[in-house]
Each structure stands twice: as C-alpha cells, then as structure tokens.
Amino acid sequence: MRRLFYPGELTPEIRITGGDAHHLARVMRAQLGDVHVVAGADGRAARMTVMAVARDAVTLRLDSYVEDDAPARAEVILVQALLKGEKTDFVVQKAVELGAAALHPIVTEHVVVRYDAKKAAAKTARWQKISDEAAKQCGRSSLMHVAPVGSIDSILADAALFGRADTAVIFCYEGERMQSVRSVLRAVTAARIVLIVGAEGGFSPSEAARLSAAGTQPVSLGRRILRAETAALAALTVVQYELGNLDV
Ligand code: SAH
C-alpha cells in the first residue's frame, strides 16, 4: 500500500491540505471510508480512514498505528559528488529505495556540471521531490533528506557528519589498493555510516589525501572501475547488507 506523508504529528483526526490533498482527492480518487497508511513527521505510521473529501482538504481519522517497516539498525548517509545529466536524479531515487537516511550532494574538482546558487537550490528542491516520491512508492515510513549542495570542505566541517564517535566515514576510492569494503565493514561497529562516492572523473589526488587525513576510511569496491552511479548503488547495497538492513 502506498504511504501518505503528513508533515505534522499524527492526531486522532488530521486534515491534509494543499498539493497533497489534491493528489489524494484527484489522482488517487480518495473516497469516504477508504483506508490509507499515513506516516507522520515523527516517522510513526497509522492506518487512517477518509472521513471527508473537499476540493482542497481531506480529513482522515486514525484507526490504529502500524508496525514500522524494518527499522534501520544503523543509519547510512550518502555523500555523492554531482553527476552529469539525470544521473544524480537516479542515484537519489535508488538511495531512497536502498534505505539511505540522507543524501548530501557535493561539488568536487572533477565535477563537470556547474550550478549557480539559484540552480543549486532548484536542483535540491527537485531531488527532495524525487526522494519523497520514491519513499511513497517503496513504502518507507521516513523520508530521505536531501541536503543543500556542499563541498568536500563543507562535509569535513559538518559536525553532524564528521568527528562523531558513533559515525564511520567510508570513502569509496578508485585508487585504493589496500582496504576492501568487506574488511572495513566487518570491523565497523558504528551506529552511522557515511559513504562518500565521487563523480565520473573521480577524486583528485589532493582531495583523496584530504579525505584520508580527515580520518575517513578509503575503501576499494574491487579491481574494476565502476561508473559513479553503479559505485553508489553497490556501496549502499553492501553496507545495508552488512548492517542487516536488508533482512526481513
Ligand atoms: N575516472 C575515474 C573513475 C571514477 S569512478 C578513473 O578513471 O579513475 C567514480 C566514482 O565511483 C569514484 O570516485 C569512486 O567513488 C567510485 N568507484 C568506482 N569504482 C570504484 C572502485 N573500484 N573502488 C572504489 N570506488 C570506486
């Protein structure tokens, strides 16, 4: 069943308004008595019955809370260098399906696309929309946050991502010859994993050196050079597997 998202806390009765009401009333053709699963801002979800449908508002009554979909055992955050064309859109959508908690797009030296501040903000809004749609489609009970476009420096300076004792930062580096993703993941006990993946052109030697000096763990995903979008999906998948987040 597709989930609806409600930006507030779930109460015995909620009113959905604006674009979401339009979607529910016109696109999903909500009828009185229909039951939908609605996820609230705190991530809890409930079965709710449609009590009233108006042009710009749909009222639902809370029937019962539902068990969360497999709660993530550890959180995974993807830091992805911007990709060409629609490839970032693709990675955003797939990261949601694979259960990433957040995605931080960054500009690196070898990123080809260049966005001014206005375009970057519009892109972030678009990615958040793609993320929210994907969350509905795959039945997640929490949304994947898409952060504003940053840089390696902003990521390194972000106290929420770096330097926390509960976080391991794994940097997928095509030039890594020593550490395999398997050996690193087997040793990780952190509650949060931040995964960093480069753009089509990869990382410059100075970026790789800065990331390593900052305490990230460079890992190889094997001897083959993967396309950036393949690397992001492969890395997310093996991390989620190792954390038990693909279990039923
Ligand atoms: N143009 C670069 C390759 C970049 S691949 C070159 O020819 O060397 C794009 C991104 O995918 C990389 O920055 C890295 O984050 C990831 N990646 C691809 N293959 C990888 C591998 N074998 N091991 C680790 N990371 C890899």
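Buried means under 20% relative accessible area, exposed means over 50%, and partly exposed lies in between, with a 1.4 Å probe and protein chains only. The views below show a predicted model, in which local features need pLDDT of at least 70, side-chain atom pairs count only at pLDDT 80 or more, and totals for chains, interfaces and linings use all residues. Residues are numbered from 1 along each chain as its sequence is written, and side-chain values use heavy atoms, with hydrogens and water left out.

View 1. Glu97 is partly exposed, at a relative accessible area of 38%. Lys94 counts as buried, at 19% relative accessibility. The two form a salt bridge, their closest N and O atoms 3.2 Å apart. A salt bridge is a side-chain nitrogen of Lys or Arg within 4 Å of a carboxyl oxygen of Asp or Glu. Lys94 and Glu97 are three residues apart in helix α2, so about one helical turn separates them. Helices (H or I, at least four residues) and strands (E, at least two) are DSSP runs, numbered from the N terminus. By the salt-bridge rule, the count comes to nine.

**View 2. The Glu75–Arg192 salt bridge.** The N to O distance of this pair is 3.3 Å. Distant parts of the chain are linked here: Glu75 lies in strand β6 and Arg192 in strand β11, 117 residues apart. Arg192 is buried, with a relative accessible area of 9%. Glu75 counts as partly exposed, at 36%.

View 3. Helix α3 covers residues 117-138. Its 22 residues reach 31 Å from first C-alpha to last, close to the 32 Å expected at 1.5 Å a residue. The expected span is 1.5 Å times one less than the number of residues in the helix. Buried residues of α3 include Ala120, Trp127, Ile130 and Ala134. The buried residues of α3 pack against β1, α2, β7 (102-107) and β8 (145-146), contact meaning heavy atoms within 4.5 Å. Glu133 is partly exposed, at 38%, and Lys136 is buried, at 13%. Gly139 follows α3 with a positive phi, near 75°.

**View 4. Helix α7 and its packing.** Helix α7 holds 16 residues, 228-243, and should span 22 Å at 1.5 Å a residue; its end C-alpha atoms are 22 Å apart, which agrees. Among its buried residues are Leu233, Leu236, Val239 and Leu243. Glu229 and Gln240 are also buried. The buried residues of α7 pack against β6 (75-81), α2 (87-97), β10 (167-172), α5 (181-187) and β11 (192-197). Just after α7, Gly244 takes a positive phi of about 85°.

**View 5. An open five-stranded sheet with helix α1 across it.** The strand order is β1-β3-β4-β5-β2, with mixed pairing. The edge strands, β1 (3-5) and β2 (13-17), each pair on one side only. Neighbouring strands are turned by 45° against each other on average, direction ignored. Two strands pair if DSSP finds at least two bridges between them. Strands β3 (residues 35-39) and β4 (residues 45-53) pair in the antiparallel sense over five bridges. Val35 has Thr49 as its bridge partner in β4. Helix α1 (residues 18-27) lies across β1, β2, β3, β4 and β5 (57-66), at about 95° to β2. Axes are lines fitted to C-alpha atoms, for helices over the stretch in contact, and angles run from 0 to 180 degrees between N-to-C directions.
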